[in-house]
Amino acid sequence: LIIQGPIVSRGYIKDPVKTSAAFFRNPAWMVPGTSSIWNRFYKTGDLVRYDADGMIHFIGRKDHQVKLNGQRMELGEVEHHLWTDPVIRNGMALIPYTGHCKSRLVGIVSLHKHFTTASIQTHTSIRLVNHAEAAADTQAIAERLSHLLPTYMVPTIWIVLESLPLMSSGKMDRKKVGD
């Protein structure tokens, strides 16, 4: 979603790097001769689509920025701290839009101690680690995260898998885990 018009800001105060990433002027596709007050554009980072009636529908974010309880956060920042934790093999964070975990920050991790070559995920199974076996580990992870991140960025629900499903490229299959 790109916003255009006289109400669009000139940029972020004292942050030229962020300003140049989000704001631009005079794109090649702009109609020639348009007034100078209308030539400033802002890239919101939201992904949208038009339907047949001209309505705009929100699809998601270009990045992994989300809003939870009025607080904006980058899921990538939470994930960075998960990946650097010594007991975590792989990790991801998400906020489901439906189901029992709806609108809650969920940490999904695989731990080194539960990983074996036999637990490498195929495209057909995701195997959970028993909650009782992982509870002490997830509590310790949450404690360590609380020293690195604001409270609202520490997952409140933890799901521990033997391993996270991977795509053929070796990257985590976020779609499969999110489903």
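Colleague: How does Phe 24 count by its relative accessibility?

Modeller: Phe 24 has 22% relative accessibility. Buried means under 20% relative accessible area, exposed over 50%, and partly exposed in between, with a 1.4 Å probe and protein chains only. Phe 24 therefore counts as partly exposed.

Colleague: What kind of model is this?

Modeller: Residues are numbered from 1 along each chain as its sequence is written, and side-chain values use heavy atoms, with hydrogens and water left out. Local features need pLDDT of at least 70, side-chain atom pairs count only at pLDDT 80 or more, and totals for chains, interfaces and linings use all residues, the model being predicted.

Colleague: How many aromatic pairs are there?

Modeller: Rings of Phe, Tyr and Trp (its six-membered ring) pair if their centres lie within 6.5 Å; planes under 30 degrees apart count as stacked, over 60 as edge-to-face and the rest as tilted. By this rule the count is 3 aromatic pairs.

Colleague: Which residue forms an aromatic pair with Phe 23, and how are the planes set?

Modeller: Phe 23 is 4.9 Å centre to centre from its partner, Tyr 42, with 40° between the planes. Phe 23 is in strand E2 (residues 23-25) and Tyr 42 in strand E3 (residues 40-43), 19 residues apart; strands (E, at least two residues) and helices (H or I, at least four) are DSSP runs numbered from the N terminus. Phe 23 is buried at 13%, while Tyr 42 is partly exposed at 21%. The partner is Tyr 42, and the pair is tilted.

Colleague: Why is the pair of Phe 24 and Phe 41 called stacked?

Modeller: Phe 24 lies in strand E2 and Phe 41 in strand E3, so the pair ties together parts 17 residues apart in sequence. Phe 41 is buried, with a relative accessible area of 2%. The ring centres are 5.2 Å apart, and the pair is stacked because the planes are at 10°.

Colleague: Which residue lies over the face of Tyr 12?

Modeller: Ring pairs link Tyr 12 with Phe 23 and Tyr 42 into a cluster. A charge sits over a ring if NZ of Lys or CZ of Arg is within 6 Å of the ring centre and within 35 degrees of the ring normal. At 4.7 Å from the ring centre of Tyr 12, the residue is Lys 18.

Colleague: Which residue forms a salt bridge with Asp 85?

Modeller: A salt bridge is a side-chain nitrogen of Lys or Arg within 4 Å of a carboxyl oxygen of Asp or Glu. The closest N and O atoms of this pair are 2.7 Å apart, the partner being Arg 144. Asp 85 is in the loop between helix H2 (75-84) and strand E8 (88-94), 59 residues from its partner in helix H3. Asp 85 is buried at 7%, and its partner is Arg 144.

Colleague: How far apart are the N and O of Lys 113 and Asp 137?

Modeller: The side chains of Lys 113 and Asp 137 meet in a salt bridge. Lys 113 is in the loop between strand E9 (106-111) and H3, and Asp 137 is in helix H3. Lys 113 is exposed at 59%, whereas Asp 137 is buried at 16%. The N to O distance is 2.9 Å.

Colleague: Which residue forms a salt bridge with Glu 162?

Modeller: The closest N and O atoms are 2.6 Å apart. Glu 162 lies in the loop between strand E10 (157-161) and helix H4 (174-178), 35 residues from its partner in the loop between E9 and H3. The partner is Arg 127.
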